[in-house]
Amino acid sequence: MGVVDSRHPRAKLQNGLWLPKFVAWLVLVALSFAIPNGFFEFYSKYIAMAGAAVFLLIQLVLLVDFAYNLAEGCIERWEETEQPLWRNLLISGTVAMYVVYSALTIVDYVFFAAEGCGRNQFFITANMLMCIVVSVIAVHPRVQEANIKSGLAQAGMVSAYATYLVTSALAGSPPGKPESGEPVCNPLAGMAGARATMAVVGAFFTIGAICYSTTNAAVKGNMLIRSNSEYESLATDEGSVQMSRQSNAQLRENALREAVASGALPVSALNDYTRGEEGEEDGDDDEKSGVQYNYTFFHFIFCMAAMYVAMLLTNWNSISSEDKVIIIGRSSAAVWVKVVTSWLCILLYSWTLVGPVVLPDREWL
């Protein structure tokens with residue numbers, strides 16, 4: 001905490017000393033086997049589950065942000081270059097997202113909405129109606145007047161992701177017990193090929209989402225969590241000229257950082273600026289005038305991500321020692337987590353549409 005540039009003494013702990021840190025990691029892994037099981041039971045029930053929930057919320061915020069940035073990027077490049085490629089890419093991408101949404105909804109009704117499967121029918125129908133409503137809201141004249149960034153492109157991405165979560169939840173639900181009269185609400189549970197396909201697809205989406213969420217949240221955290229130390233350094237008696245120079249340089253650097261974080265400029269632009277300020281001899285150090293990301297928030301995000309992965313690997317803390325065969329993700333807890341996550345995703349995106357209409361005086365990014 002409190003590290004603002006690479007000249008800080010503790011900056012080397014983040015950017016160097018790799019061999020000692022690797023050895024320390026091995027030692028901690030070995031010592032973890034000596035920790036009593038009671039600690040892990042407490043950790044999984046009260047700490048890891050809460051941390052995983054926080055990571056899911058951050059992940060949803062980044063998903064909505066990604067949807068907006070991707071659509072805005074295509075529109076801006078289309079207006080700048082006047083090439084139909086970007087327009088066609090935006091239109092085809094939007095159509096593809098709604099095709100995925102429609103296809104997954106049909107698959108859900110065919111495979112998981114049999115007679116007697118009321119819960120599954122509710123999940124599928126609720127998701128379908130929520131996606132239709134949010135798509136209509138996205139193109140409503142009042143919403144587009146208050147939020148010119150809204151459109152079907154973002155709504156399509158959110159709808160496709162939410163429907164994928166519902167499909168994944170239903171495909172990973174417990175198979176039930178037909179011998180006791182329960183309806184078969186998950187026919188894919190007994191198909192080895194279907195299980196393998198869902199496992200591969202689920203792993204792909206999970207790893208991709210975790211990598212994107214951790215890296216982007218860590219980098220963008222520097223825009224959300226600002227240290228006051230850079231402003232405190234201005235309160236010196238070096239003179240108004242020095243203060244003005246430092247302030248202008250900091251403003252230029254902050255503008256570049258925001259442009260890089262939003263994707264408007266490549267990272268090389270910030271590196272080139274740093275080399276110009278510090279000289280070619282210091283060109284290898286791109287954090288001499290300020291860190292590229294907030295170190296504290298970086299470790300916080302990865303800590304939350306580790307808790308999220310721990311929940312995935314333990315069926316959201318539903319693994320029993322009596323189970324002979326454990327299938328990751330196949331539990332009632334995992335079903336509810338995915339379904340509720342899909343609802344939160346739609347609600348969060350809906351607020352970005354309705355918020356500027358309800359609170360017009362507030363500044364919306």
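**A cysteine in the core**

Start with Cys-345: its relative accessible area is 0%, so Cys-345 is buried. Buried here means under 20% relative accessible area; exposed means over 50%, and partly exposed lies in between, with a 1.4 Å probe and protein chains only. A word on the source: this is a predicted model, so local features need pLDDT of at least 70 and side-chain atom pairs count only at pLDDT 80 or more, while totals for chains, interfaces and linings use all residues. Residues are numbered from 1 along each chain as its sequence is written, and side-chain values use heavy atoms, with hydrogens and water left out.

What surrounds Cys-345, then? Cys-345 is among the residues with the most contacts inside the largest nonpolar core, along with Tyr-161, Ile-346, Tyr-349 and Leu-353. That core has 20 residues. By nonpolar core I mean a set of buried Ala, Val, Leu, Ile, Met, Phe, Trp, Tyr and Cys residues joined through side-chain atoms within 4.5 Å. Two or more residues each come from helix 3 (37–81), helix 4, helix 5, helix 7 and helix 13 (332–358). Helices are DSSP runs of H or I with at least four residues, strands are runs of E with at least two, and both are numbered from the N terminus. Which helix gives the largest share of this core? Helix 7, with six residues.

Look at Tyr-349 next. Leaving out residues up to four places away in sequence, Tyr-349 touches Val-64, Tyr-68, Val-134, Ala-138, Gly-151, Gln-154, Ala-155 and Val-158. A contact means heavy atoms within 4.5 Å. There is also a second, separate core of 13 residues; Ala-48, Ile-210, Tyr-308 and Met-311 are among them.

**The disulfide**

How many disulfides does a search of the whole structure find? One. The cut-off is a pair of cysteine sulfur atoms within 2.5 Å. Cys-117 and Cys-185 form the bond, with S to S at 2.0 Å. The pair links distant parts of the chain, 68 residues apart. Cys-117 is in the loop between helix 4 (84–112) and helix 5 (118–138). Cys-185 is in the loop between helix 7 (152–171) and helix 8 (192–224). The torsion about the S-S bond is about -100°, so this disulfide is left-handed. Both ends count as buried: Cys-117 at 2% relative accessibility, Cys-185 at 19%.

**Aromatic rings**

Now the rings. Rings of Phe, Tyr and Trp (its six-membered ring) pair if their centres lie within 6.5 Å; planes under 30 degrees apart count as stacked, over 60 as edge-to-face and the rest as tilted. By this rule there are 12 aromatic pairs.

Take Tyr-98 and Tyr-101. Their centres are 6.4 Å apart and their planes stand at 90°, so the pair is edge-to-face. The two tyrosines are three residues apart in helix 4, about one helical turn. Tyr-101 counts as buried, at 9% relative accessibility.

Phe-123 and Trp-336 are edge-to-face as well, because their planes are at 90°, with centres 5.1 Å apart. Phe-123 lies in helix 5 and Trp-336 in helix 13, so this pair ties together parts 213 residues apart in sequence. Phe-123 is buried at 0%, while Trp-336 is partly exposed at 40%. Phe-122, Phe-123, Trp-336 and Trp-343 form one aromatic cluster.

Two charges also sit over rings, meaning that NZ of Lys or CZ of Arg is within 6 Å of the ring centre and within 35 degrees of the ring normal. Lys-21 lies over the face of Trp-18, 3.9 Å from the ring centre. The charged end of Arg-77 is over the ring of Trp-86, 5.8 Å from its centre.

**Overall fold and confidence**

Stepping back: the protein has 13 helices and zero strands. Of its 365 residues, 34% are buried.

Last, confidence. pLDDT is the predictor's confidence in each residue, from 0 to 100. The average is 76, and 68% of the residues score at least 70. Where is confidence lowest, and where highest? Lowest is helix 9 (residues 229–232), at a mean of 39; highest is helix 5, at 93. Over residues 224–247 pLDDT stays under 50. Residues 279–283 are also below 50. Where pLDDT is low, the predicted coordinates should not be read in detail.
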